[in-house]
Amino acid sequence: VVTRSFYPPPADKNNGYLPVQPTTAAQSIPPGAKSGGRWMSQQHIGPITGGATCACVLFAFLPGLFMLCFPMDKRYVYQEPGPNGRLLSGSGKRVGGGRTPKVLPPGYVPR
């Protein structure tokens with residue numbers, strides 16, 4: 001004799017979604033920066049791009065120089081509020097160069 005048993009799954013309180021937890025961490029702001037800005041991700045020419053360019057130049061000079069057009073280094077910058085807000089590093093120094101920064105998700109704080 002074969003019997004079937006059916007055990008219903010436990011009740012799901014959140015309809016399959018993870019519980020929402022409020023974020024309590026305050027956003028870190030570089031020293032000397034105005035509050036109300038946002039962190040952004042920016043690609044720039046740094047040591048990784050420089051090393052790749054040197055390696056490619058050894059194989060083919062002119063095509064190797066095109067590596068400078070495709071930066072591989074990434075840094076996090078803080079943009080002060082306003083349309084022309086300064087870009088600052090985490091230590092508060094002004095950052096120059098690099099591509100147009102991309103906005104990070106709200107609440108994200110780089111380490």
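A disulfide is a pair of cysteine sulfur atoms within 2.5 Å. A search of this whole structure finds 0 disulfides.

Before the details, some background. This is a predicted model, in which local features need pLDDT of at least 70 and side-chain atom pairs count only at pLDDT 80 or more, while totals for chains, interfaces and linings use all residues. Residues are numbered from 1 along each chain as its sequence is written, and side-chain values use heavy atoms, with hydrogens and water left out.

Cys-56 is partly exposed at 28% relative accessibility; the term covers values between buried, under 20% relative accessible area, and exposed, over 50%, with a 1.4 Å probe and protein chains only.

Next, the sheet. Strands are DSSP runs of E, at least two residues, numbered from the N terminus, and two of them pair if DSSP finds at least two bridges between them. Here 4 strands form an open antiparallel sheet, in the order S3-S2-S1-S4. Its edge strands, S3 (87–88) and S4 (102–103), each pair on one side only. S1 and S2 are joined by 7 bridges, and Met-40 stands opposite Val-77 in S2.

Last, the aromatics. Rings of Phe, Tyr and Trp (its six-membered ring) pair if their centres lie within 6.5 Å; planes under 30 degrees apart are stacked, over 60 edge-to-face, the rest tilted. The count is 1 aromatic pair. Trp-39 and Tyr-78 have ring centres 5.4 Å apart and planes at 65 degrees, so the pair is edge-to-face. Trp-39 lies in S1 (residues 38–44) and Tyr-78 in S2 (residues 73–79), so the pair ties together parts 39 residues apart in sequence. Both Trp-39 and Tyr-78 are buried.
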